Amino acid sequence: MNYSAKFLVIAILVGLAIRIVMHFVDKSRIKEEIESKGGRVLSISWNPFARGWFFEKNERHYEVSYIDRSGQTVSTTCKTSLFTGIYWAEGPQLEQPPPRIISQHRCSGCGFTLSAEWRACPNCGKTTNLA
């Protein structure tokens with residue numbers, strides 16, 4: 001076997017190894033994206049011939065099924081690459097969870113309802129640390 005044939009075999013094996021590693025990196029990134037928005041992944045599978053694959057360079061397409069934070073099951077396609085983020089092709093976008101706002105504060109001394117601007121309870125005079 002000459003050197004060019006050995007080099008070709010090694011290049012193919014290295015390329016295959018890189019593709020396998022990138023598959024697991026992509027799946028991890030997709031899972032983190034969904035879980036950071038309050039969802040739960042059901043399945044992630046590689047789809048080399050997904051919609052829009054033809055003119056894309058260095059991007060990998062995946063079919064993803066997940067349960068969003070409202071409890072709905074969503075099946076959609078996404079694409080990703082090493083230096084870009086995750087782009088969702090269709091389906092509802094994952095939304096950030098709403099901020100938790102405490103509408104009422106209670107005084108730890110007497111239980112009186114306090115406004116966020118108050119520095120002390122008007123009922124018992126205990127100082128607050130709301131700000």
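## Close-up views of the predicted model

**View 1. A buried pair of charged residues.** Arg60 and Asp26 are both buried, and they are shown here in a model that is predicted. Their side chains meet in a salt bridge, with a distance of 2.4 Å from N to O. Because Arg60 belongs to strand β2 and Asp26 to helix α1, the pair ties together parts of the chain that are 34 residues apart in sequence.

**View 2. The salt bridge between Lys79 and Glu59.** In this pair the closest N and O atoms of Lys79 and Glu59 are 3.5 Å apart. The link again joins distant parts of the chain, since Lys79 is found in strand β3 while Glu59 sits in the loop between β1 and β2, 20 residues away. Lys79 has a relative accessibility of 22% and therefore counts as partly exposed, and Glu59, at 21%, is likewise classed as partly exposed. The limit that matters for both values is 20%, because a residue is called buried under that figure.

**View 3. The whole chain and its elements.** The protein has 1 helix and 6 strands, and from the N terminus on these elements follow one another as α-β-β-β-β-β-β. Of its 131 residues, 22% count as buried. The protein exposes about 9,600 Å², and carbon and sulfur atoms supply 59% of this area. Among the contacts between residues that are at least 6 apart in sequence, 33% join residues at least 24 apart.

**View 4. The open sheet of four strands.** The sheet is open and is formed by 4 strands in the order β1-β2-β3-β4, with antiparallel pairing. At its edges stand β1 (residues 40-46) and β4 (residues 86-88), and each of them has a single partner strand, so one side of each is left without a neighbour in the sheet. Neighbouring strands of this sheet are turned against each other by 30° on average, when direction is ignored. In general, strands of a sheet pair through backbone hydrogen bonds, either parallel or antiparallel.

**View 5. Helix α1 across the sheet.** Helix α1, which covers residues 3-36, lies across β1, β2, β3 and β4 and runs at about 35° to β2. Strand β2 is mostly covered, as 7 of its 8 residues are buried. Ile18 also has its place in helix α1, but at 51% relative accessibility Ile18 counts as exposed. Together with Ile10 and Val14, Ile18 makes a nonpolar surface patch of about 280 Å².

**View 6. Strand β2 and its two partners.** Strand β2 is joined to β1 by 6 bridges, and these two strands run antiparallel; within this pairing, Val41 has Tyr66 in β2 as its bridge partner. Strand β2 (residues 60-67) is also joined to strand β3 (residues 73-80), here by 8 bridges and again in antiparallel fashion.

**View 7. The hairpin turn between β2 and β3.** The strands β2 and β3 form a hairpin with 5 residues between them, and Gly71 in the turn has a positive phi of about 100°. Gln72 lies in the loop between these two strands, β2 and β3. Once its neighbours within four places in sequence are left aside, Gln72 is in contact with Tyr66 and Ile67. The C-alpha atom of Gln72 is separated by 9.5 Å from that of Gly39, a residue 33 places away along the chain.

View 8. Where in the chain does Ser81 lie, and is Ser81 buried or exposed? Ser81 lies in the loop between β3 and β4, and with a relative accessibility of 7% Ser81 counts as buried. Leaving aside its neighbours within four places in sequence, Ser81 is in contact with Arg29, Asn58, Glu59 and Arg60. Two of these contacts lead back to the opening views, for Arg60 forms the salt bridge with Asp26 and Glu59 the salt bridge with Lys79.

Methods. Residues numbered from 1 in each chain as written. Predicted model: local features only at pLDDT ≥ 70, side-chain atom pairs only at ≥ 80, totals over all residues. Heavy atoms only, no water. Pairing = 2+ DSSP bridges. Axes fitted to C-alpha atoms, helices over the stretch in contact; angles between N-to-C directions. Contact = heavy atoms within 4.5 Å. Patch = residues over 30% accessible without salt bridge, like charges linked within 9 Å, V, L, I, M, F, W, Y side chains within 5 Å. Areas by Shrake-Rupley, 256 points an atom, 1.4 Å probe, with all protein chains shown as cover. Salt bridge = Lys/Arg side-chain N within 4 Å of Asp/Glu carboxyl O. Buried < 20%, exposed > 50% of the residue type's maximum accessible area, 1.4 Å probe, protein only.
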